[in-house]
Amino acid sequence: MMLKAFLGAFLAAIAVMPAHAEDPDFLAVGGGWFDVVHQDDTAVEARAEYRSGFRFWIFKPLAGVMATTDGSVHAYAGVLSDFYFGRRLVISPSVAPGYYHEGSGKDLGSAFEIRSQLEVAYRFDDRSRLGMAFSHISNAGVGDTNPGAESVTLYYSFPLH
């Protein structure tokens with residue numbers, strides 16, 4: 001029974017896995033709310049990301065920067081995967097370690113922070129995307145403290161042709 005469930009889940013994952021090879025590089029810009037869960041030090045945030053169209057298996061490189069109205073900055077680079085459900089729905093998990101500068105914002109315990117994110121986006125005919133993402137930033141316990149912070153971000157991704 002467990003083997004059947006695993007096999008069914010595996011086949012379902014394969015059915016949605018193929019990333020569209022024709023997808024270009026993207027410039028993604030976004031805005032949102034920093035520290036939405038704990039609300040210890042909330043701020044408005046802005047993001048800009050370069051998302052490469054190059055794929056290694058299911059992974060694509062990304063690099064970006066996030067800045068808050070409190071002067072916090074997180075510069076990061078990592079990988080993402082795009083999972084397509086039909087022509088329009090794209091779910092993109094990503095992980096990106098980087099450098100965090102606290103500014104007047106939330107003390108996350110370390111200059112080294114890892115952002116993990118899940119984005120759900122609508123794909124338009126011109127391949128641009130409008131998406132909503134939930135992310136978590138944490139130092140994975142390597143810092144003095146590890147309070148972490150969550151963000152909700154609205155993204156628009158422009159294809160770079």
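**Close-up views of a predicted model**

Trp 57 sits in the loop between β2 and β3 (60-68); strands here are DSSP E runs of at least two residues, numbered from the N terminus. This is a predicted model, where local features need pLDDT of at least 70, side-chain atom pairs count only at pLDDT 80 or more, and totals for chains, interfaces and linings use all residues. Residues are numbered from 1 along each chain as its sequence is written, and side-chain values use heavy atoms, with hydrogens and water left out.

View 1. Trp 57 has a phi near 60 degrees, positive although the residue is not glycine. For Gln 39, also a residue other than glycine, phi is near 55 degrees. As background, most residues other than glycine have a negative phi. Gln 39 belongs to the loop between β1 (25-34) and β2 (43-51). Trp 57 counts as exposed because its relative accessible area is 62%, while Gln 39, at 46%, is partly exposed (buried is under 20% relative accessible area, exposed over 50%, partly exposed in between, with a 1.4 Å probe and protein chains only).

**View 2. Asn 139, tucked into a loop.** Look for Asn 139 in the loop between β8 (129-138) and β9 (149-160). Its relative accessibility is 0%, so Asn 139 counts as buried. Beyond its neighbours within four places in sequence, Asn 139 is in contact with Leu 108, Gly 109, Ser 110, Phe 112, Glu 113, Thr 145 and Asn 146; contact means heavy atoms within 4.5 Å. Pro 97 is 42 residues away along the chain, yet the C-alpha atoms of Asn 139 and Pro 97 are 8.8 Å apart.

View 3. Val 37, Tyr 122, Phe 124, Leu 130, Met 132, Phe 134, Val 152 and Leu 154 make a nonpolar surface patch of about 690 Å². Patch members have over 30% relative accessible area and no salt bridge, and nonpolar side chains are joined within 5 Å. β8 and β9 each bring at least two residues to the patch, and the largest share, three residues, comes from β8. Tyr 122 lies in strand β7 (residues 112-123) and is partly exposed, given its 40% relative accessibility.

View 4. Where pLDDT is low, the predicted coordinates should not be read in detail. The protein chain averages a pLDDT of 90, with 87% of the residues scoring at least 70.

How values were computed:
pLDDT = per-residue confidence, 0-100. Helix = DSSP H or I, 4+ residues; strand = E, 2+ residues; numbered from the N terminus. Patch = residues over 30% accessible without salt bridge, like charges linked within 9 Å, V, L, I, M, F, W, Y side chains within 5 Å. Areas by Shrake-Rupley, 256 points an atom, 1.4 Å probe, with all protein chains shown as cover. Salt bridge = Lys/Arg side-chain N within 4 Å of Asp/Glu carboxyl O.
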